[in-house]
Amino acid sequence: MRLVFAGTPEVALPALEALHDSGHEIVAVVTRPDAPAGRGRRLAPSPVAARAGELGLPVLKPAKPSEGDFVDELMRLAPDACPVVAYGALLPQRVLDIPCLGWLNLHFSVLPRWRGAAPVQRAIMAGDDTIGTSCFRIVRELDAGDVYRTSSMPMPDATAGELLASLAESGARQLLDTLEAMAAGEVPTPQPVEGITIAPKVTVADARIDWSAPVTEVRNLVMGCSPDPGAWCELDGERFKIYRARVADQSEPGEAGRLRTTRREVFVATGHGELELLEVQPAGKRRMLAIDWGCNTAAGKVFV
């Protein structure tokens, strides 16, 4: 098939690689425009743009996919299908109508649960028991198209970043399988009208830790916000980030936010139970193991 692939962040790379190796003809790659990156905030291509360039694939970077020049170029390319992974822009109907088989999105949830930008983060934060992927036909309404394939598994003990990387690998195989099903004329299934939840982008404000919450909720927030934006609180008036933690026990609480240390462990009291810190980042310092930070300095301090 003639394909135009659309994606932007690193999580889209496994799908791009799989499509490139599959024998399908990728006639172009669509991605977001170059954006400021790094300490110098210099313009840099997206991970997808950079890899597409290495693979020798033509790259299109419309500021908006409604731009006339982009629409004209897509019509000229005449793709059979347009697979998408985390492109990051809404597609107008006249663009959706161009490929004869449509636009196919790989989404990191089992739809209709967690439509939106941050399904993996929101699933972990909500304490979901399962997670998965869906391949569905893109329509104008957010993540509401008919579904070709889904896959689910028990929620692992992983950060959002780790889980997303794993789902990107398995989802790339699902995307290839779904493209073959589309070409064979398979009819997708409408999503259920019940069970719809929305997964908006996780903001810095969303990631603030409430130490009066139960320990499982705090743990889920930490793991769901890792690595970005990073769950945080304050210590001695400065921001303190926590990237990995686990439930130590769920006994009656002490003073919420109070730190307790042993020779090799750092614990924090919550509203119900105690959290063990595993990976942290104090203000002005690099990420580190909690034992390297707190065993000699944290005892008796209180997070707020």
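Guide: The largest pocket is lined by 39 residues, and those nearest its centre are Ala86, Tyr87, Gly88, Gly116 and Ala117. A pocket here is an open set of points on a 1 Å grid over the protein atoms alone, where a 1.4 Å probe fits, with protein on both sides within 12 Å along at least five of seven lines; lining residues have an atom within 4 Å of a point. This is a predicted model, in which local features need pLDDT of at least 70 and side-chain atom pairs count only at pLDDT 80 or more, while totals for chains, interfaces and linings use all residues. Residues are numbered from 1 along each chain as its sequence is written, and side-chain values use heavy atoms, with hydrogens and water left out.

The volume of this pocket is about 1,100 Å³, taken as the space filled by probe spheres set on the points, which are joined across faces, edges and corners. By class, 25 nonpolar, 9 polar and 5 charged residues make up the lining; Ala, Val, Leu, Ile, Met, Phe, Trp, Tyr, Cys and Pro count as nonpolar, Asp, Glu, Lys and Arg as charged, and the others, Gly among them, as polar. At least two lining residues come from each of β6, β7, α5 and α6; helices (H or I, at least four residues) and strands (E, at least two) are DSSP runs numbered from the N terminus.

Let's follow the strands next. An open sheet of 7 strands has the order β5-β2-β1-β6-β7-β8-β9, with mixed pairing; two strands pair if DSSP finds at least two bridges between them. β5 (59-60) and β9 (147-154) stand at the edges with a single partner strand each, so one side of each has no neighbour in the sheet. β1 and β6 run parallel, joined by 2 bridges, and alanine 6 stands opposite valine 84 in β6.

Now for the packing. The largest nonpolar core has 38 residues, of which Phe5, Leu16, Val29, Val85, Phe108 and Leu175 touch the most other members. Such a core is a set of buried Ala, Val, Leu, Ile, Met, Phe, Trp, Tyr and Cys residues joined through side-chain atoms within 4.5 Å, where buried means under 20% relative accessible area (1.4 Å probe, protein chains only). α6 gives this core its largest share, 8 residues. Beyond its neighbours up to four places away in sequence, phenylalanine 108 touches residues including Val85, Pro119, Leu164 and Ala168, contact meaning heavy atoms within 4.5 Å.

Technical notes. Buried means under 20% relative accessible area, exposed over 50%, partly exposed in between (1.4 Å probe, protein chains only).
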